[in-house]
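The tour below goes from one selection to the next.

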Amino acid sequence: MSGGLTCPGGTYCYGSYYCSLAAGGSCSSSDPCSGNSGVYTSCSSSSGSSSGTVSGSSSSSSSSSSGSSSGTPTGTVGPQGGSVSSLVFAIAGDTRPQNEGDTAGYPTAIITGIYADIAATVPAPQFAIGTGDYAYCSGSDCAAQTANYITAAAQYSGQKFLTMGNHECNGFTSSNCSPSAPADGATSAEPNFVNFFNVLNTFGINSTTQPTLASGDPYYEVDINSSDSSNPWTSKFVFIAANAWDSGQSTWLTSVMQKTTTYTFVMRHESYEDDGAASSDLPGDQGASDAIIQKYPYTLLIVGHTHVYQQSTSGSGQVELVIGNGGAESSGNAGYEVCTQLSGGNISCQNYNEGGSLGTANGSPVVVNAAGALQ
């Protein structure tokens, strides 16, 4: 049953909903399959269409699947997660100067503009995600650079969740700042690494709100679930620290990915494609974390590192969004992303250029269903 369940009428079930094999069966919140839970792909219908219901709502796989938003969302999200009627969240990444130690050249105006645009977005995002690299530093300048980031982020009052980047270690893509598995000359005492915990704490992410941080590695999971009893769904946001990789994180990631949720969003700084076929250059990328996440269903892989916005493909063949154009380059391509849960259950992610007319989209949105298939 791992590839999906064929139900009478072609029922379409995800996450905590299951396909009943009984005559006339439909989506049910109780598992009729003796514990075979999971995020299932589309069930086949008599017409061969993948249309059906997602978490109890209708959804089409046609080109019009971008659909409409779910109205004005309600609910709140904090450092430990939360409950909302529908998901709306923003993403930006790679906000650092081009040269090491160039605090004066920090792209403050760009990231300030990005967070101001996020704050003015309608409907308002409930939280914002950073894809890594918030400074390019090696000492006392780390705190000075991230102070610029924190001030800019204050333009938006919602919760921020940050992913660790290689510049939150010693700057090398192959560096590993894990206290138990340091590599490439890096240690857990790197000023960049220590400072990153201070930045996380500024946004309420610490060992109290995210117990995994007590291990000395900045990886964590955030659960955000439906507050609407008429449209139940669950989601998890998984923040991998690829440059602080160790066996403990490997065990944690496996456990988190095994947990059944309607939506799974995986955040990691480096892309699957960053190092080509080499699997040993980056501790937590192709050599480790990809080997885990490819075993389980997920909705989106969200990365940065490359200073562009682009849609790519992950190791499992699903959508990977590269969002690394948060100001690290001066080519004028700075921007951000807003992802919205549509009324049918799909997730639509639209890119915007910072500095342009607010609300003017950059290209077409990327729309996926809960299992990560393009719509």
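This is a predicted model. Begin by selecting Val266, which stands opposite Leu301 in strand S13. Now widen the selection to strand S12 (residues 263–267) and strand S13 (residues 300–303): the two are paired in the parallel sense, with 3 bridges between them.

**The sheet around S12 and S13**

Next, show the whole sheet to which these strands belong. It is an open sheet of 8 strands, and their order is S5-S6-S10-S11-S12-S13-S15-S14. The pairing in this sheet is mixed. Strands of a sheet pair through backbone hydrogen bonds, and this can be parallel or antiparallel.

Which strands stand at the edges? Select strand S5 (75–78) and strand S14 (309–313). Each has a single partner strand, so one side of each is left without a neighbour in the sheet. Between neighbouring strands of this sheet the turn is 20° on average, direction ignored.

Select Trp245, in the loop between S11 and H4. Is Trp245 buried or exposed? Its relative accessible area is 9%, so Trp245 is buried, the cut-off for buried being under 20%.

**Asn176**

Move to Asn176, in the loop between S9 and H3. Asn176 has 3% relative accessibility and therefore counts as buried. Which backbone atoms does the side chain of Asn176 reach? Show these two:

- the backbone oxygen of Ala181, at 2.5 Å;
- the backbone nitrogen of Ala244, at 3.2 Å.

**Helix H3**

Now select helix H3 (residues 191–202), which has 12 residues. From its first C-alpha to its last, H3 reaches 17 Å, close to the 16 Å expected at 1.5 Å a residue.

Colour the buried residues of H3: Asn192, Phe193, Asn195, Phe196, Val199 and Leu200. Why are they on the same side of H3? They cover an arc of only 160° around the axis, and this puts them on that same side. To see what covers these buried residues, display helix H2 (141–153), S9 and S10, which are included in the cover. H3 is followed by Gly204, where phi is positive, near 85°.

**The other sheet**

Select its 6 strands, which form an open sheet in the order S9-S8-S7-S16-S17-S18. Here too the pairing is mixed. The edge strands are strand S9 (159–162) and strand S18 (366–368), and each pairs on one side only. Neighbouring strands of this sheet are turned by 20° against each other on average, direction ignored.

Zoom in on strand S8 (residues 127–130), which is joined to S9 by 4 bridges; these two strands run parallel. In this pair, Ile129 stands opposite Phe161 in S9.

Helix H1 lies across strand S7 (88–92), S8, S9, strand S16 (335–341) and strand S17 (347–353). With S16, H1 makes an angle of about 25°.

Key. Residues are numbered from 1 along each chain as its sequence is written. This is a predicted model: local features need pLDDT of at least 70, side-chain atom pairs count only at pLDDT 80 or more; totals for chains, interfaces and linings use all residues. Side-chain values use heavy atoms; hydrogens and water are left out. Two strands pair if DSSP finds at least two bridges between them. Axes are lines fitted to C-alpha atoms, for helices over the stretch in contact, and angles run from 0 to 180 degrees between N-to-C directions. Contact means heavy atoms within 4.5 Å. The expected span of a helix is 1.5 Å times one less than its number of residues. Buried means under 20% relative accessible area, exposed over 50%, partly exposed in between (1.4 Å probe, protein chains only). The arc is that of the directions from the helix axis to the C-beta atoms. A polar contact is a pair of N or O atoms within 3.5 Å; within protein, one must be able to donate a hydrogen and the other to accept it, and residues adjacent in sequence count only if both atoms are side-chain atoms.
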